[in-house]
Amino acid sequence: MSQSLLLVVAVALVDQDMRVLIAQRPPGKTLAGLWEFPGGKVEPGESPEAALIRELTEELGITVAEPCLAPLTFASHAYEHFHLLMPLYICRRWQGFVSPREGQTLKWVAPRALRDYPMPPADEPLISALLDLLA
Ligand code: 9L3
Ligand code: MG
């Protein structure tokens, strides 16, 4: 069976206390209730970085400069109806205040506590790379 490829970008925003931002997927969306690294789909013709910058403004109301996005690792996960390929960036500098623009619940979490929050299967394997980097 062939599966279409879905390209999604996500980011670990890390604040000055070394906490990481996670967002809870709202009711009505797929994977509702699970906690994820913020991000979203890359639109046709968009670079991954441009998509992430757009998503961060839409979802969190912040402005990120492209050089502040450092690629860290990526997820590759076969969901039932598509295969998700999802680069994870890390970002420590942005402008504006993080606020939930799409009804999502946000939480700043110490890296070692990330595993306490149930995540979509694509996101979970990304935690190790993040822990290695922030340790
Ligand atoms: N997804 C998984 N982990 C993430 C993000 C941002 C997205 N950190 C998955 C959930 C959906 C798909 O990617 O199956 C598209 O995301 P959305 O557009 O429904 O948020
Ligand atoms: Mg999104």
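How far does a polar side-chain atom of Lys-41 lie from an oxygen atom of ligand 1? The distance is 3.3 Å, which falls under the cut-off for a polar contact, a pair of N or O atoms within 3.5 Å. Taken alone, ligand 1 exposes 450 Å², and the protein buries 91% of that (accessible areas by the Shrake-Rupley method with a 1.4 Å probe).

Before going on, note that this is a predicted model, where local features need pLDDT of at least 70 and side-chain atom pairs count only at pLDDT 80 or more. Residues are numbered from 1 along each chain, ligands are numbered from 1 in the order in which they are written, and side-chain values use heavy atoms.

Now look around the ligand. In its surroundings are 15 residues, the closest being Arg-25, Lys-29, Glu-36, Phe-37 and Asp-123 (a residue is near if one of its heavy atoms lies within 4 Å). Lys-29 has a side-chain N or O atom 3.3 Å from an oxygen atom of ligand 1, while Phe-37 places a backbone N or O atom 2.7 Å from a nitrogen atom of ligand 1. The shell divides into seven nonpolar, three polar and five charged residues.

At least two shell residues come from each of β1 (4-13), β4 (39-41) and β6 (82-91), where strands are DSSP runs (E, at least two residues).

Technical notes
A polar contact is a pair of N or O atoms within 3.5 Å; within protein, one must be able to donate a hydrogen and the other to accept it, and residues adjacent in sequence count only if both atoms are side-chain atoms. Helices (H or I, at least four residues) and strands (E, at least two) are DSSP runs, numbered from the N terminus. Ala, Val, Leu, Ile, Met, Phe, Trp, Tyr, Cys and Pro count as nonpolar, Asp, Glu, Lys and Arg as charged, and the others, Gly among them, as polar.
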